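Have the structure open while reading.

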Amino acid sequence: MKCAVVTGASSGIGYEISKTLIKRGYKVFGLGRDFEGALDMGEDFVPVKIDLTDISLLEKTVRDIMEHNDDISLLVNNAGTGFFGPHEELNSNKIHQMVAVNLEAPMVLCQLLMRRLKKNRGYIINISSVTAKKTNTHGCAYGAVKAGLSNFSESLFEEIRKYGVKVCCIHPDMTKSNFYRNADFCQGDEADSFLEASEVAKCVEWVLDAREGAVISDITLRPQLHRIKRKNVSY
């Protein structure tokens with residue numbers, strides 16, 4: 001059975017991606033902080049509770065997974081954390097969390113799993129953000145780490161394409177989820193003003209369905225309308 005490692009699998013985009021992969025016949029090792037709210041996805045879903053900022057524990061956990069599972073052919077770096085507002089109002093802990101979860105952990109996971117992915121001519125799918133492609137006056141640090149992930153994805157593909165590994169970076173815009181729990185804004189009320197997590201999962205399917213030899217390396221997914229809602233105030 002093909003195996004996949006998916007970070008941030010306990011909710012939102014990562015949860016929908018995990019469900020999609022299981023339907024496609026994958027055994028999914030879902031890494032996340034808390035699985036209490038996640039519905040049972042059956043025996044092909046293996047929840048792995050972990051704090052991705054603990055890099056030494058992450059390395060040990062992934063090595064344990066690899067020891068017992070040779071057919072790892074897909075890595076989805078989906079987990080993300082964001083803090084927003086004027087940069088001077090952030091603190092070092094928040095900056096560290098964003099760098100560790102959004103950029104360092106994906107780099108480490110790619111390094112750890114690379115030989116297995118080369119052997120299986122597998123896929124790396126990184127979930128970045130539309131913020132990686134523009135300036136972000138209300139989230140400079142978040143935009144910077146997502147831009148780093150996007151650049152890393154592009155460079156990594158050039159490095160490993162000759163080994164048959166496919167790398168895609170998906171850039172979703174505002175998506176309806178609990179991601180904005182730490183922000184003073186969230187998605188708008190109109191259905192045309194946000195993406196559904198399941199729609200990002202469909203992009204993952206699109207990547208996997210491309211013929212051998214054709215690589216979808218970059219996807220930007222946006223809602224029709226640009227609307228965000230301040231907590232208690234719309235604009």
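By class, the lining of the second largest pocket has 5 nonpolar, 5 polar and 3 charged residues. Here Ala, Val, Leu, Ile, Met, Phe, Trp, Tyr, Cys and Pro count as nonpolar, Asp, Glu, Lys and Arg as charged, and the others, Gly among them, as polar. The model is predicted: local features need pLDDT of at least 70, side-chain atom pairs count only at pLDDT 80 or more, and totals for chains, interfaces and linings use all residues. Residues are numbered from 1 along each chain as its sequence is written, and side-chain values use heavy atoms, with hydrogens and water left out.

**Pocket and cavity**

The second largest pocket has a volume of about 180 Å³. Among its 13 lining residues, S150, E154, C169, S217 and D218 are the closest to the centre. Helix α4 gives the most, with 6 residues. Helices (H or I, at least four residues) and strands (E, at least two) are DSSP runs, numbered from the N terminus.

Pockets and cavities are found on a 1 Å grid over the protein atoms alone. A pocket is an open set of points with protein on both sides within 12 Å along at least five of seven lines; a cavity is a set where a 1.4 Å probe fits but cannot get out. Lining residues have an atom within 4 Å of a point. Points are joined across faces, edges and corners, and a volume is the space filled by probe spheres set on them.

The structure holds 1 cavity of 30 Å³ or more. The largest cavity has a volume of about 40 Å³. Its lining is formed by Y123, K166, V207, A210, R211, E212, G213 and A214. These divide into 4 nonpolar, 1 polar and 3 charged residues.

**Helix pairs**

Axes are lines fitted to C-alpha atoms, for helices over the stretch in contact, and angles run from 0 to 180 degrees between N-to-C directions.

| Helix pair | Axes come within | Crossing angle |
|---|---|---|
| α2 (55–68) and α3 (92–119) | 11 Å | roughly 25° |
| α1 (12–23) and α5 (197–209) | 8 Å | roughly 45° |
| α3 and α4 | 8 Å | roughly 15° |

Take α2 and α3, whose axes cross at roughly 25°. That angle makes α2 roughly parallel to α3. Angles under 35 degrees count as roughly parallel, over 145 as roughly antiparallel, 65 to 115 as roughly perpendicular and the rest as oblique. Helix α2 passes α3 in a right-handed crossing. A crossing is right-handed if the near helix is turned clockwise from the far one by less than a right angle, and left-handed if anticlockwise. On α2 the contact (heavy atoms within 4.5 Å) uses I55, L58, E59, V62, R63 and M66, and on α3 it uses E104, A105, V108, L109, L112, L113 and R116. The contact residues are 9 nonpolar, no polar and 4 charged.

The axes of α1 and α5 cross at roughly 45°. That makes α1 oblique to α5. The crossing is right-handed. G12, I13, E16, I17, T20 and L21 of α1 meet A197, S198, V200, A201, V204, E205 and L208 of α5. By class, this contact has 8 nonpolar, 3 polar and 2 charged residues.

The axes of α3 and α4 cross at roughly 15°. The two helices are therefore roughly parallel. Their crossing is right-handed. Among the α3 residues in contact are M98, V99 and N102, and among those of α4 are A141, Y142 and V145. The contact divides into 14 nonpolar, 2 polar and 2 charged residues.
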